[in-house]
Amino acid sequence: MPVNVAGVDDNFFSDTLFGHKKGAFTGAESDRKGLIEKAENGTLFLDEIGDLSIESQVKLLRLLQDGQYYPLGSDIARMSNARIIVATHRDIKAMLVSEKFRQDLYYRLKSHQMVIPPLRERKEDISMLAYSFLKEFAGKFDKSIKGIDANALQMLETYPWKGNIRELRNVMERAIILIEEDELKEHNLN
């Protein structure tokens, strides 16, 4: 179950993650499962964890420490066995110093840390990703594209990709939508 927490306020985060009981707030006309319950026996992926408010960090820490959570409007704790994976593009260590990220949450999350370098530092992955996106979007938009021209591939491999894989994916999607040839070329990427 993926969820991007960037720009999510504390109430929305709580409702999205923990769900709510009928009548918990205006408009809560029925019970709603949160993502943590939907991820039971599976994985919940919280993307952009560095953008999470301090208030929401406290709630996430409680969940990680005890495995318990409370749906909004409930005073009965529920247990979770979902695995939680988080990702961020932010410098969490700098956020710790400026107290924008809780130290206790950082150490709880850091127990199994994996650092994946940005795409600009993994040039060898660009070709594989570009072809994967080509196949995905050619199928989605019903296009017959046989491949990527060598010059276009070189252009992709030398671009700095400040937006990482998301940026590459968006560039490929746009190119496939607009392409009229049977091979992706440099001019399709501009």
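## Contacts along the chain

Take the contacts in this protein between residues at least 6 apart in sequence: 68% of them join residues at least 24 apart. Keep in mind that this is a predicted model.

## Overall build

The secondary structure comes to 8 helices and 9 strands.

## Surface and charges

How much of the protein is buried? Buried residues make up 37% of the 190 residues. The protein exposes about 11,700 Å², and carbon and sulfur atoms supply 50% of that area.

As for charge, there are 27 positive and 30 negative ones, and their mean positions are 3 Å apart.

## Aromatic rings

A pair of aromatic rings is described by the distance of the centres and the angle of the planes. Here the count comes to 5 aromatic pairs. One of them is Phe 137 with Phe 141: the ring centres are 6.2 Å apart and the planes sit at 20°, so this pair is stacked. Phe 137 is buried, at 0% relative accessible area, whereas Phe 141 is partly exposed at 27%. Tyr 159 and Trp 161 have ring centres 4.4 Å apart and planes at 65°, so they are edge-to-face. Tyr 159 is partly exposed, with 35% relative accessible area, but Trp 161 counts as buried at 2%.

Methods. Residues are numbered from 1 along each chain as its sequence is written. This is a predicted model: local features need pLDDT of at least 70, side-chain atom pairs count only at pLDDT 80 or more; totals for chains, interfaces and linings use all residues. Side-chain values use heavy atoms; hydrogens and water are left out. Rings of Phe, Tyr and Trp (its six-membered ring) pair if their centres lie within 6.5 Å; planes under 30 degrees apart count as stacked, over 60 as edge-to-face and the rest as tilted. Buried means under 20% relative accessible area, exposed over 50%, partly exposed in between (1.4 Å probe, protein chains only). Helices (H or I, at least four residues) and strands (E, at least two) are DSSP runs, numbered from the N terminus. Contact means heavy atoms within 4.5 Å. Accessible areas come from the Shrake-Rupley method with a 1.4 Å probe; for residues, only the protein chains shown count as cover. Lys and Arg count as positive and Asp and Glu as negative; His and the chain ends are not counted. The place of a charge is taken as NZ of Lys, CZ of Arg, CG of Asp or CD of Glu.
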